[in-house]
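Please read the account below alongside the sequence and the model, and look up each residue as it is named.

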Amino acid sequence: MRRTLLLAGLLLTGHVQAVENWQAVKDEAKGQTVWFNAWGGDNAVNQYLDWVSGEMKTHYAINLRIVRLADAADAVKRIQTESAAGRKTDGSVDLLWVNGENFRTLKEAGLLQTHWAETLPNWRYVDTRKPVREDFSMPTQGAESPWGGAQLTFIANRDITPQPPQSPQALLAFAKAHPGTVTYPRPPDFTGTAFLEQLLLALTPQPDALKVVPDDATFDSVTAPLWAYLDALHPSLWRKGKDFPPSPARMDALLQAGSLRLSLTFNPAHAQQKIASGELPKTSYSFGFSQGMIGNVHFVTIPANARASAGAKVVANFLLSPDAQLRKADPAFWGDPSVLDPHKLPAGQREALRSRIPDGLPPTLAEPHSAWVNALEQAWLRRYGTQ
């Protein structure tokens, strides 16, 4: 009994201390201006972040300023430059929506705050069965807070394409049967590179090689099936593979116009959201290869030299709140999959979240090691970038 009471007392003391620590963070955050650098290439994302800004001002007295980026690498370069110039506590980036490649760059250089993500009160709702403690095979060590789920997904119009191709071989046959109506975003667009990774995972006879940094001695043999496949595919693509759309948004527009039969996204609820906004036909649907599609969790991170670190943590915690995650998962607003575990939510929110999880998704495949991103992009550009 004494041991049980002692343990209960320690747990209560730890809880009280955590509450007091978080209150201190919130008090420090009041009145701060938080510069949140995020990809700005989608209207739904931008409108959602505008809503977040309003909520932070109303409920937390935080001035959230959104810096809309064409490429998160631009913010990474700025953080590196400021650090090199000796700006240790007054950086221009307080919170950053980051991908795995850029996370690795910043973390390996010691340019991120660590061990804060799991101290956020709303971490208790996170689905820890998802890869929320690693990013592109690199441990996060609390340097990133999960924000949403993602999976590479095709989109088609059921009136035009009732039976979609569900393997690389079927996609090749589909492209040859419908020349000029299939393509993918030009790497280094993130989705275009993910498409290369997807094909490589499916085609290479050495899949274990993708779990580690590429080896110069084996790179050619590991990737040879990918280049052979693309050599066969490109002549049947849109503009005969001599040009590629710059982004998934451009592919959506071409799908809507009837120029393409397929679009690509890294959000499995993207089609629902675009149907709701009238940007895709009502008969649009999502699909993937039956053997699985690569997926991940996307995160926000705080640079080591952030000026408004407390405010950034409060924003990150709000992004994990059930209300914010439910709104984000709703296709009427964004349609970005949640990172929360429905079982950890109150009954009403639990059912609401379950209703916003897309049906019929293929299995999620782990992405290759983050170092494969640049290696594949450079190899692709050498082969096809000047055509």
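The model is a predicted one, and every value given here was computed from it.

**Salt bridges**

Side chains of opposite charge can pair when their charged atoms come close. A search of the whole structure finds 13 salt bridges, and three of them are set out in the table.

| Salt bridge | Distance, N to O |
|---|---|
| Lys 274 and Asp 42 | 3.4 Å |
| Lys 328 and Asp 336 | 2.7 Å |
| Glu 351 and Arg 354 | 3.0 Å |

In the bridge between Lys 274 and Asp 42, Lys 274 belongs to helix 9, while Asp 42 lies in the loop between strand 1 (33-39) and helix 2 (43-60), so the pair ties together parts that are 232 residues apart in sequence. Both Lys 274 and Asp 42 are buried.

The bridge between Glu 351 and Arg 354 is placed within one helix: the two residues are three apart in helix 12 (residues 347-355), and therefore about one helical turn separates them. Glu 351 is partly exposed, with a relative accessible area of 45%, and Arg 354 is likewise partly exposed, at 35%. Elsewhere, salt bridges with shared partners join Asp 42, Lys 274 and Glu 279 into one network.

**The surroundings of Lys 328**

Lys 328 is found in helix 11 (residues 322-329), and with a relative accessible area of 0% it counts as buried. Its salt-bridge partner, Asp 336, is buried as well, at 4% relative accessibility. The charged end of Lys 328 also sits over the ring of Trp 334, 5.6 Å from the centre of that ring. When neighbours within four places in sequence are left aside, the residues in contact with Lys 328 are Tyr 48, Trp 147, Gly 148, Trp 334, Gly 335, Asp 336, Pro 337 and Ser 338. Another charge over a ring is that of Arg 327, which lies over the face of Phe 333 at 3.9 Å from the ring centre.

**Aromatic rings**

The structure holds 21 aromatic pairs.

**Strands 7 and 8**

Strand 7 (residues 153-157) pairs with strand 8 in the antiparallel sense, over four bridges. Within this pairing, Ser 263 of strand 8 is the bridge partner of Ile 155. In a regular strand the side chains alternate between the two faces of the sheet. For strand 8 both faces are covered, as Leu 262 and Leu 264 on one side and Ser 263 and Thr 265 on the other are all buried.

Definitions and conventions:
Residues are numbered from 1 along each chain as its sequence is written. This is a predicted model: local features need pLDDT of at least 70, side-chain atom pairs count only at pLDDT 80 or more; totals for chains, interfaces and linings use all residues. Side-chain values use heavy atoms; hydrogens and water are left out. Rings of Phe, Tyr and Trp (its six-membered ring) pair if their centres lie within 6.5 Å; planes under 30 degrees apart count as stacked, over 60 as edge-to-face and the rest as tilted. A charge sits over a ring if NZ of Lys or CZ of Arg is within 6 Å of the ring centre and within 35 degrees of the ring normal. Buried means under 20% relative accessible area, exposed over 50%, partly exposed in between (1.4 Å probe, protein chains only). Two strands pair if DSSP finds at least two bridges between them. A salt bridge is a side-chain nitrogen of Lys or Arg within 4 Å of a carboxyl oxygen of Asp or Glu. Contact means heavy atoms within 4.5 Å.
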